[in-house]
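My plan is to look things up chain by chain and write down what I find.

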Amino acid sequence: MKRELAAYFTSPVAYIVTGLFLIFSGFMFFATFFISKRAELRNFFAMLPVMLSFFIPALTMRLFSEEKRSGSIETLMTLPVTDFEAVLGKFLAAFITSAAMLVPTLAYVITAAAFGSPDAGPIIGGYIGALFLCAAFSAIGLFASSITKNQIIAFFIAFAVCILLSLISMFLVVLPAPVVGFLSYFLADTHFTSISRGIIDTRDLLYFVSLTALFFGLTVKAEQNDRR
Amino acid sequence: MIEVSHVSRTFGTFRAVNDISFSIPTGEIVGLLGPNGAGKTTTMRMITGFLAATSGSIKIDGKDITADPVEAKQKIGYMPEAAPLYSDMIVDDYLRYVSQVQGVDPEEKVPHLCNICGLKEVMHKNISELSRGYRQRVGLAHALMNDPEILILDEPTSGLDPNQIGEVRNLIKEIGKTRTVIISTHILGEVEMLCNRVIIISQGKLAADSPTAQLRERYGHSLVLQITAGGCTSDELNAALKGIDGTDGVTAATAEQIPGEAKIASAIVSVKGTAEIRPAVFKLMVNHGWTLYELTPQRNSLEDVFRTLTTGENTPAEQKENAAVEASK
């Protein structure tokens, strides 16, 4: 546990820089709110996957890439830490930071409450879904970072995967019906939409959890492969 | 303490390390010597678990590095070449981080290491702002954090100015008193100064493994004399010196002109084993009526040893010697 905390420790220092992103995301989120004229956060949540597809890879891109480039990965992996612990530490760092990034958006909840009486259900559901989304995207970003020394490439790979998961629904119109049904299971979009409506379906949560676990496992594997 | 057994490492089709074996008992200070690209760093990386051996096994105090990595790594303090640390952290924070990973009390360890490694002035500086020398010292503090039984340092003095080199070497001497240490370097003098055993690696293979004191005897010439004589030509001098019993090779050297002397010649003579030929040289000079200006033992033959072993150029005498050493093993 101490080791996980310690490995996590390294990231927040760098995240002071990413505080900047918080400002950006703040402006973007706010912009959409007043357009909807309804005291709900549905649009905000609808936009969230796309927004996070950009911001989370930005947070995660340096996690492994920077270490490999500077050589500090060698200093890290020769400490009595397993690959799993190192990955876990970095994952927690990414996840907690992205979750923290969402905290200021609670201001919107307060704003909505000031203007009307929004339903608590969809909002709570929305935030829960958002957390799962953060976890999944963090895992994807972490994996992307572990396969390249170049932070920019890591960013684009993570961005591409996340955005794909979020937006496939838009492209689905051109595909035949059965394929649509099959693919919609993979969409972060579909799952997220249902959560944002206040419905916490275990299938949706399972989707996010398995996505997170998949990429987390891939990252550990990638690190182990580097030894060979 | 450290058992390296028939270890090889291949990167794609390139064999970086080829069937190396050695065993290091507790308390020994070993110099890992070799030209750049010989496989020293790769070998160290395998011992510390950063890379897996393609074949062979490595055991640290009985624990296999691939089977029990965490336990094995706990016994080792390692600092890679050029001390790659987290540049965006402050020294104090960084050392606290390392102490947490190692599971030791930062309040106790960090000030202690700060003293030993001379980091008092830079504790509050960002690592990226430190000079090379201070970075190496932070690296050393990192390696010592868990008070390891084994210390492995990859070129700890590279890139340092002479003052810093001296300080690091003293530090290593001190901490080496109670630990097993492996230092990789290509500074021969450093090996002589710090290590009681030398392992030379060249082109991925083990080229030599002997106690430092015996390195010359086993693999090279124990003594080389520089002789400068007045009143003779280079050829005359060389021919005469060759005739002395105990010389193993005579090469001409450039002689400094001495005012008042018309003919001056200089030669470098390799001496067999522990033969003492200086009296014979002196008598030679007297017999020929030459003036002896210089009779200096040169202890730079360690370079000869290094060169011989790592470039594969052996003089016939050395080849015979090597054969004899091999036969007597």
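These entries go through chain A, then chain B. I note at the start that this is a predicted model.

**Entry 1: chain A overall**

I started with the secondary structure. Chain A comes to eleven helices and zero strands. I then read along the sequence and found the pattern α-α-α-α-α-α-α-α-α-α-α.

Next I looked up burial. Chain A has 228 residues, and 40% of them count as buried.

I also checked how far apart in sequence the contacting residues are. I took the contacts in chain A with a separation of 6 or more. Of these, 82% are between residues 24 or more positions apart.

**Entry 2: helices α5 and α7 of chain A**

At what angle do the axes of α5(A) and α7(A) cross? I looked up the residue ranges before the angle. Helix α5 of chain A covers residues 83-102, and helix α7 of chain A covers residues 120-146. Their axes cross at roughly 135° and come within 9 Å. Angles over 145 degrees would count as roughly antiparallel, and 65 to 115 as roughly perpendicular.

Then I listed who meets whom. From α5(A) come A:V87, A:K90, A:F91, A:A94, A:F95, A:S98, A:A99 and A:L102. From α7(A) come A:A130, A:L131, A:C134, A:A135, A:S138, A:A139, A:G141 and A:L142. By class, I have twelve nonpolar, three polar and one charged residue in the contact of α5(A) with α7(A).

**Entry 3: helices α3 and α7 of chain A**

I stayed with α7(A) and turned to another partner. Helix α3 of chain A runs over residues 62-70. The axes of α3(A) and α7(A) come within 6 Å, and they cross at roughly 15°. That is under 35 degrees, so α3(A) counts as roughly parallel to α7(A). The crossing of α3(A) and α7(A) is right-handed.

The α3(A) side of the contact is A:R62, A:L63, A:F64 and A:S65. The α7(A) side is A:L142, A:S145 and A:S146. I sorted the residues of this contact of α3(A) with α7(A) into three nonpolar, three polar and one charged. I see that A:L142 is listed in the contact with α5(A) and in the contact with α3(A).

**Entry 4: chain B overall**

I moved to chain B. How many helices and strands are there in chain B? I found twelve helices and 14 strands. Chain B has 329 residues, and 41% of them are buried. The C-alpha trace of chain B spans about 75 × 45 × 35 Å along its principal axes.

I looked at the contacts in chain B between residues at least 6 apart in sequence. Residues at least 24 apart make 69% of them.

The domain assignment of chain B lists domain 1 as 2-218 and domain 2 as 220-298. I looked up the gap between the domain centres in chain B, taken over C-alpha atoms, and it is 43 Å.

**Entry 5: helices α3 and α4 of chain B**

I picked one helix pair here. In chain B, helix α3 covers residues 91-102 and helix α4 covers residues 106-116. Their axes come within 10 Å and cross at roughly 130°. This makes α3(B) and α4(B) oblique to each other. The crossing of α3(B) and α4(B) is right-handed.

B:D92, B:L95, B:R96, B:S99 and B:Q100 make the contact from α3(B). B:P106, B:K109, B:V110 and B:L113 make it from α4(B). I wrote down four nonpolar, two polar and three charged residues for this contact of α3(B) with α4(B).

**Entry 6: two residues of chain B**

Where is B:I90 placed? I found B:I90 in the loop between β6 (76-79) and α3 of chain B. B:I90 has 17 C-beta neighbours inside 10 Å, so it counts as partly exposed. Beyond its neighbours within four places in sequence, B:I90 is in contact with B:H124, B:K125 and B:N126.

B:L292 is in strand β14 of chain B, residues 291-298. With 14 C-beta neighbours inside 10 Å, B:L292 is partly exposed. Neighbours within four places aside, B:L292 is in contact with B:A229, B:F282 and B:M285. I also looked up B:L292 against B:V7: they are 285 residues apart in sequence, and 53 Å apart in space, C-alpha to C-alpha.

Key:
Residues numbered from 1 in each chain as written. Chains lettered and ligands numbered in written order. Predicted model: local features only at pLDDT ≥ 70, side-chain atom pairs only at ≥ 80, totals over all residues. Axes fitted to C-alpha atoms, helices over the stretch in contact; angles between N-to-C directions. Helix = DSSP H or I, 4+ residues; strand = E, 2+ residues; numbered from the N terminus. Contact = placed C-beta atoms within 7 Å. Nonpolar A, V, L, I, M, F, W, Y, C, P; charged D, E, K, R; others polar. Domains from an automatic or database assignment. Left-handed = near helix turned anticlockwise from the far one by under 90°. Buried ≥ 20, exposed ≤ 12 C-beta atoms within 10 Å, placed from the backbone.
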